[in-house]
Amino acid sequence: MEAQRSESQRSESQRVESERDAIVAALAPVVDGLAATFGPMCEVVLHDYRQPEASVVAVAGSVTGRAVGGAMSEIGMRIVARGDEAGDELNYVTRTRAGGLVKASTMVLRDSTGTVFGALCVNLDVTAVSDAHALLGALAGLGSTPADVPVTAFGNDIDSVVDAILDAHQLRQNGSWAALDRAGRLELFRGLDARGVFAVRRAVEQVAQRLGISRASAYSYLSQARADGAKASDQAATGAALPEGSAMTTDQTSSGGPA
């Protein structure tokens, strides 16, 4: 009976893998068609997240400099980290590290079991459109400054993507690892985890090396950050579940009496 169950599971796993292969193969020609339709300012990238360090299986156009065999971006990391809860991210605006303005859409690929295993991404370089808009605004005397647009780390090498995310965190914190207290260090690991950095193999080791700490310390910080995050989520869920009028004040819930 156990042997039959194992054989059935193996057969189902092979069926799903074949299905995923078929979906990727069917979408590969679509990549060229979409890029040709939208013109030279368009890039279309097909990702297979079963191999995250070389997830690009087809690409047409050149907006982010991707190539077949290249790594997923931090957007892909975020999708992998979210797993089957990940959804499409449509018409968001970001910047490349070179400063180009990109309007992008990322559409996740699912198999018949609902499992996310890849994505089809369409990137439009709208830098010229933005410049023309700014010029027309200046001529009309509007002179408005566009809102800050986040920078997305794109790269064919997964290590360079992880490095770019670490650099961005360091700039936001405006300080070195040594200058952070324990709360700041946990916040750093929590932020990196939320962006999907640790969904990549060897990422913990890479982060540890960049921060100048041991691998064991990095794993410890990551474990504590995840535990704190889970505890906060549980507390939020418990608070939301309390019936109306039953919430307690901070003084009532504190272990001590009046100060």
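Which residue follows α1, and is its phi positive or negative? The residue is Gly39, and its phi is positive, near 95 degrees. The model is predicted: local features need pLDDT of at least 70, side-chain atom pairs count only at pLDDT 80 or more, and totals for chains, interfaces and linings use all residues. Residues are numbered from 1 along each chain as its sequence is written, and side-chain values use heavy atoms, with hydrogens and water left out.

View 1. Helix α1 covers residues 2-38; helices (H or I, at least four residues) and strands (E, at least two) are DSSP runs, numbered from the N terminus. The 37 residues of α1 reach 54 Å from the first C-alpha to the last, close to the 54 Å expected at 1.5 Å a residue. The expected span is 1.5 Å times one less than the number of residues. At Ala28, shortly before the proline Pro29, α1 has a kink of about 25 degrees; the bend at a residue is the angle between axes fitted to the seven residues ending there and the seven starting there.

**View 2. The buried residues of α1.** Val16, Glu19, Arg20, Val24, Leu27, Val31 and Ala35 of α1 are buried. Buried means under 20% relative accessible area, exposed over 50%, and partly exposed in between (1.4 Å probe, protein chains only). The strands that the buried residues of α1 pack against are β1 (42-48), β2 (56-60), β4 (101-110) and β5 (116-125).

**View 3. Two nonpolar cores.** A nonpolar core is a set of buried Ala, Val, Leu, Ile, Met, Phe, Trp, Tyr and Cys residues joined through side-chain atoms within 4.5 Å. In the largest core, of 41 residues, Met77, Phe189, Val197, Phe198 and Val207 touch the most other members. At least two residues of this core come from each of α2 (74-82), β4, β5, α4 (158-173), α5 (182-194), α6 (203-211) and α7 (215-241). A second, separate core has 16 residues, including Val24, Val44, Leu120 and Val122.

**View 4. The aromatic cluster.** Phe189, Phe198 and Tyr221 form one aromatic cluster. Rings of Phe, Tyr and Trp (its six-membered ring) pair if their centres lie within 6.5 Å; planes under 30 degrees apart count as stacked, over 60 as edge-to-face and the rest as tilted. The structure holds two aromatic pairs. Phe189 and Phe198 are stacked because their ring centres are 5.8 Å apart and their planes lie at 0 degrees. Phe189 and Tyr221 are also stacked, at 5.6 Å centre to centre with 20 degrees between the planes. This pair links helix α5, which holds Phe189, to helix α7, which holds Tyr221, 32 residues apart. Tyr221 counts as buried because its relative accessibility is 13%.

Technical notes:
Contact means heavy atoms within 4.5 Å.
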